[in-house]
Amino acid sequence: MESKTLVKINKCRIEDSRGIVLNNVDWEMRPGEAWLTIGPNGGGKADFLKALDGSFGYHFVPNNSENPEDVALYSNVFTDSVETVSLERAARLIQEERENDESEFIEGGVDIGRTGRVLIAEGIVGKIKKGAPLPEVAKQLDAYPEIKLCGVEKILDRGIKYMSTGEIRRTLLARALVSKKKLLILSDPFAGLDAESRAILLDFFDTIASKQLNDDKTDSTFPRIILSMERFVEIPAAITNVIEFTCGKVSFCGSKTDYEKIAAEKAKKAEEERKANYEEFANTVRRLSDEVNIVMGVENYQPESDILIDMNDVNVGWDDHKVLRHLSWRLNRGEHWLIRGPNGSGKTTLLELITGDNMQVFSNDIKIFGARRGSGETIWDIKHRLGIVSYRLHVEYRMLGGTSLREVIMSGFHDSIGLYEAPSDVEATAAEKWLELGGFKGRGSESFGSLSYGEQRAILILRGAVKCPPIMILDEPCHGLDDQFRQKILDLLEIIAQSGTTTFLHADSQS
């Protein structure tokens, strides 16, 4: 391997247990470079990063060639020393905690699972057996500068299942930093983080990247970082090079300066096409919404009162941690609310009181569609009139895995995780139309588990919208969406909002 090369991929393909995932990948990373990996959802970017990580069953394989001068090569100085921080990794972590929950076997019925302290310590000492004494390094984490950098000092001893999405992401970043791995892959690291956390992370990246740019060694003591983004926004100034994947192949590989010119032209063209097609798109959405409302019996489906949600002096928390204090709030029909606040401030808790996923709803004065929770209505009576997009729902569907996209969409009519009864012809037809509107035409038979994280999130938004519910709850809905998907979904939601039959609650950490 050349002395000035960190990773060299020449005439290689990417394979996993199913076979070839990507063909003809050529890329080289040298000291003094800071790389951004980008590309649309499902374009191949995620497969490339998984192969670089090496722990997801993806790997690079040199192509065979009959030409002796056509040399294929894969070399990587970071082998066995890579850590990935991503939305997908966070989702897998929550899935693991759900699968290992032993609350039903514990006196008192509460298994908090792994804490942030244990998860971060495992990045140093390896797997810590459940119930085993904490190793000394875990007890000393409070003093680590990486812990303070990521702002997780106050949540070290909180169970992962009680953390917000942003808090989990920061905990994973802290784990990656203390692990002393040589290569950190940060995939869409700013998604779901509040303004303060984004500023901290951006400063951290620029600090590390500036060291990369001034270091020509292949065996540096500080980590190299590869940044991956769904959208070409908020890119750290220290980035020097970009590799883009589109439609399963490398569509650009070169300097950031050259890519900026191309990206600006592509964005301009995409916006022109959007404006030209918007009215036709809007009319299609309106027609479909009208058809669905007729099927659902909109006159019976909509609440009698204009007051959809009424909360009075609500308090939620556990142990000494208070999430919501003395909250009084009312949602009226036709209002669309943005719920904003820093990570861990209670946005998701507020929404879970509405959906019924937080049991403390029964100990508070909360009325939904005119009925106080706990007065006899079931959770299904409530969810029948809700459309929901949340991190919890995403994890549930990832655990289910093999459901087809068509079935995921149709399950929105039944408020189920998966489809367990034969759909009607109307539901099947509506599902195909929603898939087309969302950019998934002809892909209804594909497995939900085979999609990229961003594509999965787009499908769940379509699932939430499919029955045009009185209330649609969107908890950080655009996580992982590229520019194209994000704009299409936002346009779709805006058109539905204009119909007057659906009220939106949108939670967002960013400001």
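**Strands and their partners**

Author: This is a predicted model. Start with β6 and strand β7, residues 183-187: the two are parallel and share four bridges.

Reader: Which residue in β7 stands opposite V82?

Author: L183 does.

Reader: What sheet are these strands in, and in what order?

Author: An open sheet of six strands. The order is β6-β7-β8-β3-β9-β10, with mixed pairing.

Reader: Which strands sit at the edges?

Author: β6 (82-85) and β10 (249-255). Each of these two has a pairing on one side only.

Reader: How much are neighbouring strands turned against each other?

Author: By 20° on average, ignoring direction.

Reader: Which strands does helix α1 lie across?

Author: Helix α1, residues 45-53, lies across β3 (35-38), β6, β7, β8 (224-229) and β9 (241-246). Its angle to β8 is about 160°.

Reader: New topic: strand β1. How many of its residues are buried?

Author: Eight of ten. Strand β1 covers residues 7-16 and is mostly covered.

Reader: How many bridges join β1 to strand β2?

Author: Seven, and the two run antiparallel. β2 spans residues 19-29.

Reader: How many residues lie between β1 and β2?

Author: Two, and the strands form a hairpin.

Reader: What about β5? How does β1 pair with that strand?

Author: Antiparallel, over four bridges. β5 is residues 73-76. There, Y74 is the bridge partner of I9.

Reader: And β4? How many bridges join β1 to that one?

Author: Four, again antiparallel. β4 runs over residues 59-62. V61 in β4 stands opposite R13.

How values were computed: Residues are numbered from 1 along each chain as its sequence is written. This is a predicted model: local features need pLDDT of at least 70, side-chain atom pairs count only at pLDDT 80 or more; totals for chains, interfaces and linings use all residues. Side-chain values use heavy atoms; hydrogens and water are left out. Two strands pair if DSSP finds at least two bridges between them. Axes are lines fitted to C-alpha atoms, for helices over the stretch in contact, and angles run from 0 to 180 degrees between N-to-C directions. Contact means heavy atoms within 4.5 Å. Buried means under 20% relative accessible area, exposed over 50%, partly exposed in between (1.4 Å probe, protein chains only).
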